Amino acid sequence: MIIQSLIGIIGLILISIPFSESIQKIKVKFIIYALLIQISLAFILIEIPFISSFFDVMSMAVESLRLSAIEGSSFVFGYLGGGEAPFEVLNNQNLPIFAFTFLPMLIFLSALSALLWHWKILPLLIKLLAKLFERPLDAKGPIGLAATANIFLGQLEAPLLIKPYLNKMNQRDLLIIMTVGMSTIAGSVMVLYITWLDNKFSGVIGHFLTASILSVPAAIMFSNILIPSAQTEFKTAKEDLKMYESSMDAISVGTKDGLNMFLSVIASLIVFLSLVALADFILGIFPDVYGEPISLQRIAAIIFAPIAWLMGIPFAEIIPAGNLLGTKTIFNELIAFNDLRNLDANLLSERSQLIMLYGICGFANISSVGILLGGLSAICPDIRGTLLKIAFRALFAATLASCLTGTVVSLFI
C-alpha cells in the first residue's frame with residue numbers, strides 16, 4: 001500500500017503539470033519542499049503520541065463548545081435545538097434536526113472566532129504557522145498570511161486580512177489565495193463537522209486539523225505548478241491584522257457573519273439536494289446500466305475512481321470512494337460528509353474511510369467558485385477580471401491538493 005501511495009503522490013503531481021502556463025518555468029525545488037513539509041507535518045501530527053494527547057484535550061474543548069452552543073439553541077428552538085423533549089422519545093437518533101441542533105453552532109463559533117481574533121490569539125497562531133511556508137514555498141508576506149489564515153478562518157474572511165494588497169497581486173498570488181481557501185475548511189465549520197462525525201471516527205478533531213494544515217503546502221505547490229511566476233513583493237504593515245474596533249464589535253460582526261453562514265448552508269442544502277434529485281429523475285429516463293439506473297453519483301464515481309486509487313484506496317473500493325470525491329466536487333463537502341457518515345461499512349474499510357475523510361475535507365466545489373468570485377470581487381472590484389481567468393484553475397488545484405493530503409496521510413495509516 002505504501003508503494004501505491006507513493007505512486008499516487010507522483011501521479012497527482014503529473015496530472016497537474018500539463019495544465020501549467022509554462023512547464024519550463026516550474027521550479028522543482030518548490031515541489032520537493034512542499035512534499036517534505038507535508039510528509040513531515042503528517043508524521044508529526046499523526047505518529048507522535050504527545051500530539052495525539054493534545055488532540056484529546058482539544059476534543060474535550062470541542063465538546064464544551066458543542067454543549068455551550070446547545071444551551072443557546074435549546075433556549076431559542078426548544079427540544080428541536082437539543083433541549084429535552086416534552087414527551088417520551090422512542091428513537092433518540094431521529095430527534096435531532098440538523099438545521100436546529102447542529103447549524104446554530106456556526107453562529108456561536110463565528111462570534112467566538114471573531115473575539116479570539118480581536119484578542120490577538122488567532123493572529124499569533126497564524127503568524128507562527130505562516131513562517132513555516134514563507135521561504136520554502138515562496139509565499140511571503142500577505143500571501144503566506146492569508147494562506148495560513150484559512151486554517152482558522154473562512155475562504156472570504158482570510159483575504160480580508162490583506163485587502164489593501166489584493167489589487168497589486170498577480171495571477172499566481174491570487175491563485176494561491178483562492179486555492180488555499182478551497183482546499184481547507186474554516187474553523188467554525190470544522191467544529192460543526194467534528195461534532196457531526198464524532199461517532200464515526202475516533203479522534204476526529206485531530207484528523208480535521210491535520211487535513212487543513214497539510215492542505216496549505218499542497219495548495220501552494222499546485223498553484224506554483226499551474227502558474228509558475230514570481231511572487232509580487234510586498235511590505236506588510238502591522239495595522240493589516242486589525243479587523244474589529246472592540247470586543248463587542250467582534251462579537252456583533254462575528255454573529256452577523258455566522259447568521260449569513262447559517263442561512264447560506266440551509267439554502268445550499270435545499271437547492272443542491274433538490275438539484276441532485278431532479279438530475280437523477282431526468283437520468284432515470286435512460287435505460288439502466290448493469291441493472292441499475294444512471295445517477296449523478298454513479299457518473300461521479302466512475303470519473304473520480306482513478307483518483308481514489310492514487311490516494312491509496314484498494315481497487316475493490318475505488319467506486320464508492322470516487323463517489324464521495326465526485327459528490328464533494330460537484331456539490332459540496334457537507335453532502336459528501338453526510339454520505340460518508342451514513343456509508344455502509346461493507347463498502348469501504350476503516351482505513352479507506354479515513355483516507356476519504358481527508359480527501360473530501362475542503363471547500364473545493366463548484367459553488368465555492370461562485371462564492372469566491374462574488375466575495376473577492378466585492379472586496380476588491382479591480383481584480384474581478386483576473387479572478388474569472390483563474391477561477392476553475394483554483395478549483396482544479398484545490399481538488400488535487402485535498403486528494404494529495406489524503407494520499408500523504410495514507411502512508412501513515
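Visitor: Where does Tyr244 lie?
Guide: Tyr244 lies in the loop between helix H11 (204-226) and helix H12 (247-283). Helices are DSSP runs of H or I with at least four residues, strands are runs of E with at least two, and both are numbered from the N terminus. This is a predicted model, where local features need pLDDT of at least 70 and side-chain atom pairs count only at pLDDT 80 or more, while totals for chains, interfaces and linings use all residues. Residues are numbered from 1 along each chain as its sequence is written, and side-chain values use heavy atoms, with hydrogens and water left out.

Visitor: Is Tyr244 buried or exposed?
Guide: Tyr244 has a relative accessible area of 8%, so it is buried. Buried means under 20% relative accessible area, exposed means over 50%, and partly exposed is in between, with a 1.4 Å probe and protein chains only.

Visitor: Which residues does Tyr244 touch?
Guide: Leaving out residues up to four places away in sequence, Tyr244 touches Ala114, Trp117, His118, Asp249, Ala250 and Val253. Contact means heavy atoms within 4.5 Å.

Visitor: How far apart in space are Tyr244 and Gly254?
Guide: From C-alpha to C-alpha they are 9.7 Å apart, and in sequence Tyr244 and Gly254 are ten residues apart.

Visitor: Ala250 was on that list. What separates the C-alpha atoms of Ala250 and Trp119?
Guide: A distance of 9.5 Å, with Trp119 and Ala250 131 residues apart along the chain. Trp119 lies in the loop between helix H5 (104-118) and helix H6 (121-133). Trp119 is partly exposed, because its relative accessible area is 48%.

Visitor: What about Lys120, where is that found?
Guide: Lys120 is found in the loop between H5 and H6. Its relative accessibility is 62%, so Lys120 counts as exposed. Lys120 also has a positive phi of about 70 degrees, although it is not a glycine.

Visitor: Changing topic: how many helices and strands are there in the protein?
Guide: There are 18 helices and zero strands.

Visitor: Let's take H14. How many of its residues are buried?
Guide: Eleven of the 13 residues of H14 are buried, and the helix is mostly covered. Among the buried ones are Ile318, Pro320, Leu324, Leu325 and Lys328.

Visitor: What do they pack against?
Guide: The buried residues of H14 pack against helix H13 (296-310), helix H15 (333-341), helix H16 (350-359), helix H17 (366-379) and helix H18 (384-409).

Visitor: And what should the 13 residues of H14 span?
Guide: At 1.5 Å a residue, helix H14 (residues 318-330) should span 18 Å, and its end C-alpha atoms are 18 Å apart, which agrees. The expected span is 1.5 Å times one less than the number of residues in the helix.

Visitor: Now the whole protein. What radius of gyration does it have?
Guide: The protein has 21 Å, which agrees with the value near 22 Å that a compact globule of 413 residues would have. The radius is taken over C-alpha atoms, and the globule rule is 2.2 Å times the number of residues to the power 0.38. Along the principal axes, the C-alpha atoms fill a box of roughly 65 × 60 × 45 Å.

Visitor: What share of the 413 residues is buried?
Guide: Buried residues make up 53% of them.

Visitor: And which share of the contacts comes from residues 24 or more positions apart?
Guide: Such residues account for 78% of the contacts with a separation of 6 or more.
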